[in-house]
Amino acid sequence: KMVISLLLTEDDIAPLFDGAAWAGTQLWDAAVVAISYVHRVYREQMSKGLRVIELGCGTGVPGMCCRIMGAQVLLTEQPELIPLISQNVEDNFTGDSGILAEVLSWDRERCAENLRQ
């Protein structure tokens with residue numbers, strides 16, 4: 001059982017309408033298909049601690065499903081959505097260091113740092 005919140009504070013809502021971040025507040029059909037595919041094809045590798053980076057994870061559901069299968073997961077997203085994702089991770093994986101939520105950054109230094117984790 002996974003608990004997922006889509007609730008945002010009033011201060012968090014306004015920036016969503018200023019760009020594309022609103023798309024990260026939905027669970028898309030493609031995410032459900034991806035979860036099914038990953039479970040079917042990579043379940044064994046996940047159970048052995050496969051490292052997964054979910055780029056633009058939105059609510060974080062696919063990455064959290066990967067963590068349930070045993071993968072080490074880094075969820076990434078725009079700064080406006082990190083509080084929502086962090087809350088979903090905390091609600092489902094309290095004290096679990098195998099899943100992290102970080103701001104998505106495409107600069108070389110930050111990407112290298114994320115890959116080393």
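**M46**

I started at M46, which lies in helix 2; helices here are DSSP runs of H or I with at least four residues, strands are runs of E with at least two, and both are numbered from the N terminus. The model is a predicted one, so I kept in mind that local features need pLDDT of at least 70, that side-chain atom pairs count only at pLDDT 80 or more, and that totals for chains, interfaces and linings use all residues. Residues are numbered from 1 along each chain as its sequence is written, and side-chain values use heavy atoms, with hydrogens and water left out.

Is M46 buried or exposed? I find M46 buried, with a relative accessible area of 3%. Buried stands for under 20% relative accessible area, exposed for over 50%, and partly exposed for what is in between, with a 1.4 Å probe and protein chains only.

I then listed what M46 touches, leaving out residues up to four places away in sequence: V38, V52, C66, M69, G70 and A71. Contact is taken as heavy atoms within 4.5 Å. Another partner, G70, follows helix 3 and has a positive phi, near 115°.

**Helix 2 against helix 3**

Next I looked up how helix 2 (residues 29-47) packs on helix 3 (residues 61-68): the angle is about 25° and the axes are 10 Å apart. Axes are lines fitted to C-alpha atoms, for helices over the stretch in contact, and angles run from 0 to 180 degrees between N-to-C directions. The two helices are therefore roughly parallel to each other. The classes are roughly parallel under 35 degrees, roughly antiparallel over 145, roughly perpendicular from 65 to 115, and oblique for the rest.

Which residues meet here? From helix 2 they are A31, I35, V38 and M46, and from helix 3 they are V61, P62, C65 and C66. By class this contact has eight nonpolar residues, no polar and no charged ones. Ala, Val, Leu, Ile, Met, Phe, Trp, Tyr, Cys and Pro count as nonpolar, Asp, Glu, Lys and Arg as charged, and the others, Gly among them, as polar.

**Helix 3 and its cover**

I checked burial along helix 3 and found seven of its eight residues buried. They are V61, P62, G63, M64, C65, C66 and R67. Among what covers them I listed helix 2, strand 1 (51-54), strand 2, helix 4 and strand 3.

**Helix 3 against helix 4**

Helix 3 packs on helix 4 at an angle of about 25°, with the axes 11 Å apart. That makes helix 3 roughly parallel to helix 4. I recorded this crossing, too, as right-handed. M64, R67 and I68 of helix 3 and N88, V89, N92 and F93 of helix 4 make the contact. I sorted these residues into four nonpolar, two polar and one charged.

I followed up N88, which has its place in helix 4. N88 is buried, with a relative accessible area of 0%. Beyond four places in sequence, N88 touches V3, I4, S5, T59 and M64.

**The largest nonpolar core**

A nonpolar core is a set of buried Ala, Val, Leu, Ile, Met, Phe, Trp, Tyr and Cys residues joined through side-chain atoms within 4.5 Å. Which members of the largest one touch the most others? I got L75 and I85, out of 21 residues. At least two residues each come from helix 2, helix 3, strand 2 (72-77), helix 4 (82-93) and strand 3 (99-103). Helix 4 gives the most to this core, five residues.

For I85 I listed contacts beyond four places in sequence: C57, G58, T59, L75, E77 and A101.

**L81**

L81 is in the loop between strand 2 and helix 4. I found L81 buried, at a relative accessible area of 0%. From L81 to A101 is 20 residues in sequence and 9.9 Å in space, C-alpha to C-alpha.

**Whole chain**

I ended with the totals. The protein has five helices and three strands, in the order α-α-β-α-β-α-β-α from the N terminus. Of its 117 residues, 36% count as buried. Of the contacts between residues at least 6 apart in sequence, 60% join residues at least 24 apart.

How values were computed. A crossing is left-handed if the near helix is turned anticlockwise from the far one by less than a right angle, and right-handed if clockwise.
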